[in-house]
Amino acid sequence: MHEYSIAYDIYATARRAALENRADHVTRVHVDVGELAMVNPEQVRFLFEVIIEEDPLFQGAKLACRHIEARVQCPCGYEGAEKYVCPRCGRLPDIVAGREIMVTNIEIEVNES
Ligand SMILES: [Zn+2]
């Protein structure tokens with residue numbers, strides 16, 4: 001299942017970052033989801049919550065998804081949001097943003113002792 005492996009990747013990435021930062025608790029994970037990434041953010045969020053139930057480090061953590069719009073560049077110099085046909089020359093432009101699913105930030109708590 002596509003969304004499950006994405007949710008698991010997000011969890012694994014956030015967990016690695018949390019351990020590197022000696023977190024005692026992760027409260028929120030921020031993710032950029034491109035409009036061309038072909039995932040349903042609601043489903044990813046739901047699966048993320050299922051996965052973290054097993055992990056006390058993530059108890060109650062929230063997944064915050066940010067929608068990233070597609071951006072393209074064409075060899076003719078056009079840059080913009082027309083994904084399929086360049087409005088200037090009619091060619092197929094290169095997609096430079098909007099396909100990514102990326103953990104951008106995590107919010108953690110560290111108990112100093
Ligand atoms: Zn063009």
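Select Arg-22 to start: this residue follows helix 1, and its phi is positive, near 55°. Helices here are DSSP runs of H or I with at least four residues, strands are runs of E with at least two, and both are numbered from the N terminus.

A note on the model. It is predicted: local features need pLDDT of at least 70, side-chain atom pairs count only at pLDDT 80 or more, and totals for chains, interfaces and linings use all residues. Residues are numbered from 1 along each chain as its sequence is written.

Now select residues 2-20. This is helix 1, with 19 residues. Color Ile-6, Ala-7, Ile-10, Tyr-11, Ala-14 and Ala-18: they are buried. Buried means 20 or more other C-beta atoms within 10 Å of a residue's own, exposed means 12 or fewer, and partly exposed lies in between; C-beta atoms are placed from the backbone.

Look down the axis of helix 1. The buried residues fall within an arc of 135° (taken from the directions from the helix axis to the C-beta atoms), so they line one face of the helix. An α-helix has 3.6 residues a turn, so residues three or four places apart point the same way.

Which residues are exposed on the other side of helix 1? They are His-2, Ser-5, Ala-12, Arg-16, Leu-19 and Glu-20.

Next, show strand 1 (25-34), helix 2 (41-52) and strand 6 (101-109). They are among what covers the buried residues of helix 1.

Finally, zoom out. The protein has 2 helices and 6 strands. From the N terminus, the order is α-β-α-β-β-β-β-β. The C-alpha atoms fill a box of roughly 60 × 30 × 15 Å along the principal axes.

How values were computed:
The expected span of a helix is 1.5 Å times one less than its number of residues. Two residues are in contact if their C-beta atoms, placed from the backbone, lie within 7 Å.
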